[in-house]
Amino acid sequence: MRLRGLMQARTGGLLALALVIAVLPLALPNNFYYQVAVLVGLNAIVCVGLNLLIGYAGQISLGHAGFFGLGAYASAVLTAKFGWPAPLALVAGATGVALLAFVLARPILRLKGHYLAMATLGMGIIISIVINQEIPLTGGPDGMPVPGFALFGLRLTGDRTWYWIVGGLLLLSVWLSLNLIESPVGRAFRALHGSEVAAETVGIDTARFKVLAFVVSAVFAAVAGSAFAHFAGFVTPVEAQFLRSIEFVTMVVFGGMASVFGAVVGAAVLTALPQILTAFHDYEMIALGVVLIGTMILMPRGMLPSLAALTRRWMR
Amino acid sequence: MSMLSVDRLRKEFGGVQAVVEVSFAIEAGRIHSIIGPNGAGKTTLFNLVNGLYAPSGGRVSFLGCDVTGLRPYELAARGMARTFQNLQVFFNMSALENVMVGCHLKSDTRLLPSMLGWPSIARGDRATRARAVELLHEVGLDAWVDADAAAMPYGALKRLEIARALAAEPKLLLLDEPAAGLNPTETREIDRLIQRVAAAGVTVLLVEHDMRLVMDVSDRIIVLNFGRKLAEGTAQEVRRNPEVIAAYLGTAAAQGAGSRHA
Ligand SMILES: Nc1ncnc2c1ncn2[C@@H]1O[C@H](COP(=O)(O)OP(=O)(O)O)[C@@H](O)[C@H]1O
Ligand SMILES: [Mg+2]
């Protein structure tokens, strides 16, 4: 029974998301709104991946903007400086980030709680420093232009085209992570969140599964970064900055930990609101802090799970 | 070849000697018990045997192989499962999912097929689910299959841990005070469950405070006191051992034992 409920929630959720992506353009008055929607989608992809690590496997990362930035710069540098085809650059960026995350994960994820937070924070900061310093390659703090994305001779340009690409990528990300969560691998993630001792005792190599969650979430961020670079046509080190990492974590926590669609909702609300309410912009840091504190106090499970519980109560 | 043998096993925590030069061997296909007063080192001994703690000295061998220093998941893969005195339940999951995690070792955990939702993964999961339902039935938790673990009462969680441990189809099952905190009826159920598990061919090593339970089900008993092995033998032998009586059983238990065998 629970299984059928889950399948419905899953297929239903995917369909609902597809529907939203399909009809949203009717409500988007101009290109600016398309751009906001693309940014929402890209952040949502990062958050869906990050939620696997934070919400499901129970490990924090305050450095995922580093992976987003590395993906963005891999695409930028490989296409602009070395003339690689964009798809190849994207794959190379994602592979490089996967390798880096794999190497970093074992020592870092041996830490717990505050120590893990500090280590991932340091990792993100180092990545952003490297991007800032490698001026010949990255242009340093000034950033660098990125050529458009060409696929089989077809150039992908225009905010509307990108809307559909990112929409498709988001659906793909959600589908992949739903599959993962409902598999034995996903259960192992949740098990090590629930009790590492018990997880080890039933045969789960907890170190291996933490690394796996870390690498997968890093790859989601890198791919989103690559897409962002081509969409924006210009990248700066701001994309890899600490504040971006905090934004991602806030979106995951706000939307709902251990809820794939929650991550999407969190990304949507926290990306779109500041863009649309521009007055808000100068106070972004403060607003983020307020949202994070408010979420922890008022709905510690996050927005979507809390709303779902509320509606269930009303339905009864 | 014995199922499990420990040789001069030691564990110190700072200045506390929790386990001191303990040696014993247990044979396959029986129920063995470890008894001893609170703080005697029983749980620490379990943690050493199943790899949660690294010993300060001594060796552990399991099924003829030296397994000293192996991690718990490696021992699980070799056929050792356990439950915890202080519950270690996955409170972020349902009862069913807890037991399904117990089937981890037999599950397909390849990343790409899992992410791409290959049909073989879903098929394997359906089989796991059916097996988990069966196990919950075996421990008498039919009513709790879909319940969130966090909403279950203590007695049910004790049995849930046993079902999860059995899900890995262990050769050796370590039970740390499975009846602690249970009422007499629940204790009798656990008693019967342990006997059923042993009858199915699983070797059981039991730590228990409930003397009646221990005496009823154990083929052999090891007595610990202040981290040392005080005695070892059948229930009758242990019960008559003057040192054991002095250290642990006290006169009440000795009298109880006498009256039951009169
Ligand atoms: N992780 C630990 N750190 C420090 N001391 C411990 C730890 N675990 C157990 N001890 C100590 O070791 C002794 C044995 O404890 P334990 O194995 O839990 O006994 P039992 O299970 O027989 O009641 C006790 O003195 C206890 O305080
Ligand atoms: Mg104990």
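## Exercises: salt bridges, a chain contact and ring pairs

B:K106, B:R131, B:E134 and B:E169 are linked in a network of salt bridges (a side-chain nitrogen of Lys or Arg within 4 Å of a carboxyl oxygen of Asp or Glu). Keep in mind that this is a predicted model, where local features need pLDDT of at least 70, side-chain atom pairs count only at pLDDT 80 or more, and totals for chains, interfaces and linings use all residues. Residues are numbered from 1 along each chain as its sequence is written, chains are lettered from A and ligands numbered from 1 in the order in which they are written, and side-chain values use heavy atoms, with hydrogens and water left out.

**Exercise 1.** Find out which residue of chain B forms a salt bridge with A:R187, and why the pair joins two chains.

*Solution.* 
- Step 1: Look around A:R187; its salt-bridge partner is B:D125, with the closest N and O atoms 2.9 Å apart.
- Step 2: (Helices are DSSP runs of H or I with at least four residues, strands are runs of E with at least two, and both are numbered from the N terminus.)
- Step 3: Check accessibility. Both A:R187 and B:D125 are buried (under 20% relative accessible area; exposed is over 50%, partly exposed in between, with a 1.4 Å probe and protein chains only).

**Exercise 2.** Work out whether B:D176 and B:K229 are buried or partly exposed, and do likewise for their salt-bridge partners.

*Solution.* 
- Step 1: B:D176 pairs with B:R82, and their closest N and O atoms are 3.9 Å apart.
- Step 2: These two come from distant parts of the chain: B:D176 from strand β7 (residues 172–176) and B:R82 from strand β6 (residues 80–82) of chain B, 94 residues apart.
- Step 3: B:D176 has a relative accessible area of 0%, so it is buried. B:R82, at 4%, is buried too.
- Step 4: Now for B:K229, whose side chain meets that of B:E232 in a salt bridge (2.6 Å, N to O). B:K229 is partly exposed at 33%, and B:E232 is partly exposed at 30%.

**Exercise 3.** Describe the contact between chain B and chain A.

*Solution.* 
- Step 1: Count residues. Chain B gives 37 and chain A gives 32 (contact means heavy atoms within 4.5 Å).
- Step 2: Take the area. About 3,000 Å² is buried between the chains, with 62% from carbon and sulfur atoms (buried area is the accessible area, 1.4 Å probe, that two parts lose on being put together, summed over both).
- Step 3: B:Y73, B:H104 and B:M115 supply 22% of the area that chain B buries against chain A, more than any other three residues.
- Step 4: Count the salt bridges between the chains: three. Among the pairs that meet in a salt bridge is A:E200 with B:R71, at 3.3 Å, N to O.

**Exercise 4.** Classify the ring pair of A:F149 and A:W162.

*Solution.* 
- Step 1: Recall the rule: rings of Phe, Tyr and Trp (its six-membered ring) pair if their centres lie within 6.5 Å; planes under 30 degrees apart count as stacked, over 60 as edge-to-face and the rest as tilted.
- Step 2: The centres of A:F149 and A:W162 are 6.3 Å apart and the planes stand at 90 degrees, so the pair is edge-to-face.
- Step 3: A:F149 is buried at 10% relative accessible area, and A:W162 is buried at 4%.
- Step 4: A:W162 also pairs with A:F231: centres 6.1 Å apart and planes at 65 degrees, so that pair is edge-to-face.
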